[in-house]
Amino acid sequence: MTTTFPDETMLLDDTARLRAAAAFVREHDSATLLPLLLPGISAPDLRALAGHCHFAHAGLLLFPPDADALRAQLADCGLAVDTPSHPSVVVRERLARRHRRDPAELDVRILRPRVYGVAGERRAVEVFALTVSPHSGLEGIAALERTGRHEAHLAFEVDHPDPLVLRGLCAILARHGARPDGGGYNPHEDGTVLYFTTPADAACGYRRMELYAHGDHRDSLAAHLDRPDGPARPRSDARPPAETLLHLLTGAWTTQALASFARLRLPDAMDTRTAYRAEDLARRTGTHPGSLTTLLRYLTMLGAVTRDDTPDADDEQQEGFRLTELGALLREDAPASMRPLALMYGGPFYRSFGALDHTVRTGQPAFDHVFGENHFDHFARDPELVDVFDCSMAASSRMFRPLPAHPAVTAAARAPGPATVVDVAGGNGELLRQILTAHPGLRGVLLERPHAVATARRLLDAAGCGARCDYRAGDFADVPPGGDVYVLARVLHDWDDDRCREILGHIARAMPAHADLLVVERLLPADGSPSLATAWDLHMACNVGGRERRADHYARLLADAGLRLHGHTPLPLDAHVLHVGKAPLPSPPRA
């Protein structure tokens, strides 16, 4: 059922973003975030960062029309409405420069409602609130900032800041691809912030990170910016160009090292508490001790394992290795295991990327050129491979976690009568499981290929949701009518524009007038900033013949199918959920 109207869209989108940020802060910690933000960070550098700072908050910029609206948003997200606020100097100046406005026009407040981690750690959501009252002339700034997410960031607070520590932390970040992105000193709270952009291959939905240091550290800030009050420039202690290029050219080694680690089931033979000698692991896994030691040392550099610092560590025979939290994601029994992704990216997709030049020359998928058929047909003929592919899709299910709290879903759950969520091409049913588990009053329908329906039935039965589910084996033309919320997750990027219009047309014809459609995709940033969507755009072209798109591109495709984009909000892993409704029918001409 439609829950947004044009004049309410902005406020509802802000509430959803605030709710998603609070959930992110609750679920993550330094040990899991730093390797995602800085892929390939070495174990010593990871220990140095984690030893001198801790994950403190996620930051975002909201645009309430007044203080009452902001308090209502905080209350809707379970955050303290009486959180004190003070002026935000740094963000106000950044907004003024970005939009060429007088800072005096921008009323930006900062507040940090408390959020607790899973182990009770004290954290916060850092809310920058720019008041955008009706007819203030600031609506355009709000729209651009929502799309660009320039102020969204993850912050790590430095435990005992001094110039030497700050210089060392900045050097580590630069060494692993983070780049200065401004900062400032806020006298209202006596704190210094150093902003960075994360590397392009960061596996996290946030593209900026912050080091926060209590006190006045403007000398360190000047070094961070290269000159006081100047724009951020790459630091002089970053890698030389030749070293950077060499690091990039050997990226294939990283992919295959992680894929081999998974294929050999080494993570399943290790754990995060006990150090194992390579010789013992070799016996358990049927591998060559010397070659295994070489692989484990490389994986230590990537942060997938860590070397045990024992008194005998200089003796190669006594070297011990433990699994890290990052490496544990490749265990088969890990929640949302990423082992299937390693097998896909180090297997068939690795082979097809070897022919990327074919795609660039011809515009045709390299996968088809290498394997002689498209990837759907190729996987369908190999039951083991199709199972790995389906599991690899489920491995990214963490991007779905905020969706059960989306206003369209919660409105359906609060409806007086029974409401139904239809998951179109819903894979193994993981997204539908999350929604039905969060809302016991909802019913679900899953439309998928026959083999996937069988897998989804097992998963939903095991989760206790099976009794509230119907299953339809079929294609997009078989979208069942009468649902209240339709979900289309990571489907449209597989197809060209014409096929997308067909798919959306089938859904539009099935949707009642009151129904909502939630589309989950990665959005190409309008400003060209680094994003996982840019990498996936290349992946889709090479392997599927599809593409990622900008939000305005999706809006046009939706309009062609008789649908209207209400707005979109960010999800983990650089994804977004697009909130869509049926476009109103044109008024009949007057007689």
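This is a predicted model: local features need pLDDT of at least 70, side-chain atom pairs count only at pLDDT 80 or more; totals for chains, interfaces and linings use all residues.
Colleague: Which residues of helix 25 are buried, and within what arc do they fall?

Modeller: Helix 25 covers residues 551-560, and its buried residues are A551, H553, Y554, L557 and L558. An α-helix has 3.6 residues a turn, so residues three or four places apart point the same way. Viewed along the axis of helix 25, the buried residues line one face, because they fall within an arc of 155°.

Colleague: Against which elements do the buried residues of helix 25 pack?

Modeller: Both a helix and strands take part in this packing. The buried residues of helix 25 meet helix 23 (497-510), strand 17 (516-522), strand 18 (563-571) and strand 19 (575-582).

Colleague: Which residue just after helix 25 takes a positive phi?

Modeller: The helix itself spans residues 551-560. Just after helix 25, a phi of about 80° is found at G562.

Colleague: In the open sheet of 3 strands, which strands stand at the edges?

Modeller: The sheet has the order 10-12-11, with antiparallel pairing. Strand 10 (276-277) and strand 11 (305-308) each have a single partner strand, so one side of each lacks a neighbour in the sheet. The edge strands are therefore strand 10 and strand 11.

Colleague: Which residue of strand 12 is the bridge partner of T306?

Modeller: Strand 11 and strand 12 (residues 320-323) run antiparallel and are joined by 4 bridges. In strand 12, the partner of T306 is R322.

Colleague: Which strand gives the most to the lining of the largest cavity?

Modeller: The structure holds 4 cavities of 30 Å³ or more, and the largest has a volume of about 90 Å³. Of the 14 residues lining the largest cavity, V90, I110, N186, E189 and V193 are the closest to its centre. Helix 5 (89-99), strand 5 (122-130), strand 7 (179-186) and strand 8 (191-197) each supply at least two lining residues. With 3 residues, the element that gives the most is strand 8.

Key. Residues are numbered from 1 along each chain as its sequence is written. Side-chain values use heavy atoms; hydrogens and water are left out. Buried means under 20% relative accessible area, exposed over 50%, partly exposed in between (1.4 Å probe, protein chains only). The arc is that of the directions from the helix axis to the C-beta atoms. Contact means heavy atoms within 4.5 Å. Two strands pair if DSSP finds at least two bridges between them. On a 1 Å grid over the protein atoms alone, a cavity is a set of points where a 1.4 Å probe fits but cannot get out, and a pocket is an open set with protein on both sides within 12 Å along at least five of seven lines; lining residues have an atom within 4 Å of a point. Grid points are joined across faces, edges and corners, and a volume is the space filled by probe spheres set on the points.
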